[in-house]
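Please read these notes alongside the coordinates.

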Amino acid sequence: MPTIQLNTLALLLGTALAASSTASAGTLPKGVDLTLDFVGNVATNPVGGVEQGTEGSYWIMAQSKFDLDALFGLHNTDVDAQWAWFAGRNLAREKIGNSISAQQTWRPVAGGRLTRLTVRHRFDNGLSITAGRAPVNSYFNNSPLNCVFMSNAMCLTPYGAITDLGITAYPNSSWAGIVRYDVDDRWYVQGGAFDYNNALNASGKNGLDFSWGDGTGTITAYEAGYQTSFANDRLPRTYRLGMYRNSDGGKSSYYDANGNSAALSGRPTALQDGARSGWYAMADQTVWRGEGKRNLALFARAYVNTGNEAPVDQFVSAGFVKTGTFAGRDQDTLAMFVSNTHFSDEQIAFLRDRRARNGGRGAPNADEIIAELSYGWAVHKGIRLMPNLQYVVNPDPIYAPTRTTDIPDALIVGLRVDVHFAQLFGW
């Protein structure tokens, strides 16, 4: 598997480079915007984990945006359709044993999936309404800086909320409605409601089950933000504050239906009444700007669980992104983050009891610290290579069910390959 994945990445990169030298810019009808992206991840852990090994994963994403004003004269209305294909294996799950993937392209369900199909209408007063099939994390708790990394601790959404609240996250989608009001070119507020139906994420659904009213809850999300860009600010910044609520109460991390330890009884964990909820905050701040768009940005992320008991109590991360590195490398990036995931007392108690059931003693550490250092090399317009080093302190043993001792800290060597075909061929 690792050899196949590495060969696939090398073949695709070589083909893309060769084609780009001969392809001429294509033309599309006015009002049509097409995107085709390939993102591949390869990761190996030469040190630490349950065992050492190499795994690879990738996705291919196709997106079509249609401006209905330009196409049919329907004022300020657009359609967004997105599809993706996923394949590969997860190093964290297969070799290290922990739950936070080092590969942002890995997904539990492989194959193709309709990830978005929405209609948006923008009113002249700053109000916009979006409706259709969409994932929560495409609209809330989002930042371009999140995915200047390969670890799933940061990309696509900072860790915690998806695990705790079950929010529909790319590539999964559900019926959704989002209302946004842009106060001006900097301030905005938005809110959304999303159907929660975890059965839609199962294998074979492919995002094409459009059934209505079969979900077990409703996810609501709210966000207020302030954001600027290079167009209106010398030192662009983004600040967001938001919250999620899922009326589906989720499952206990520890208790079975009889009120006993599920790890010791061997029974499933119990369903919970009430609701799941959590708050998040994020800040991106450019602190230095050089010629053109060369800059240094600092960022911080935070999430805290405020509803039903869930696996993660809180998550925090901070780091920097330097755009423009060496002379003549204005598009390259040097980036680093450090995060801490603090697991709940009940989650740690479950892992402790499971260890005891297998003959071990003690409990894993409640804080899992992950760091990543990456370099984004803009090889060619539309092609970027991102070698990276990740280090995991106190790997959680969620996917090492028979482990009786702590998992050794893991060093991960990774490579991410991004190919944006629209940029490559000038679509």
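1. Two strands are taken as paired if DSSP finds at least two bridges between them.

2. On confidence, the protein chain has an average pLDDT of 92, with 93% of the residues scoring at least 70. Residues 1-6 have a pLDDT below 50, and this stretch makes 10 contacts in the model beyond near neighbours in sequence. Residues 11-25 are also below 50, with 18 contacts counted in that way. Where pLDDT is low, the predicted coordinates should not be read in detail.

3. Strand β7 covers residues 187-196 and has paired strands in β6 and β8. Strand β6 (residues 174-182) runs antiparallel to β7 and is joined to it by seven bridges. In this pairing V179 stands opposite G191 of β7. Strand β8 (residues 217-227) is also antiparallel to β7, with 10 bridges between them. Here Y188 stands opposite G225 in β8.

4. Why can β7 be called largely enclosed by the rest of the structure? Seven of its 10 residues are buried, and the cut-off for buried is under 20% relative accessible area.

5. The largest nonpolar core contains 48 residues, and V136, F140 and Y244 have the most contacts inside it. Helix α6 (residues 345-357) supplies the largest share of this core, four residues. Beyond its neighbours within four places in sequence, V136 is in contact with I167, T168, F194, I219, A221 and Y244.

6. N394 is in the loop between β17 (383-393) and β18 (410-420). Is N394 buried, partly exposed or exposed? Its relative accessible area is 25%, so N394 counts as partly exposed. Not counting residues up to four places away in sequence, N394 touches N365, D367, E368 and D409. With D367 there is a specific atom pair to inspect: the side chain of N394 reaches the backbone oxygen of D367 at 3.0 Å. P364 is 30 residues from N394 in sequence, while their C-alpha atoms are 7.5 Å apart in space.

Methods. Residues numbered from 1 in each chain as written. Predicted model: local features only at pLDDT ≥ 70, side-chain atom pairs only at ≥ 80, totals over all residues. Heavy atoms only, no water. pLDDT = per-residue confidence, 0-100. Contact = heavy atoms within 4.5 Å. Buried < 20%, exposed > 50% of the residue type's maximum accessible area, 1.4 Å probe, protein only. Helix = DSSP H or I, 4+ residues; strand = E, 2+ residues; numbered from the N terminus. Polar contact = N/O pair within 3.5 Å; in protein donor to acceptor, adjacent residues only side chain to side chain. Core = buried A, V, L, I, M, F, W, Y, C linked by side-chain atoms within 4.5 Å.
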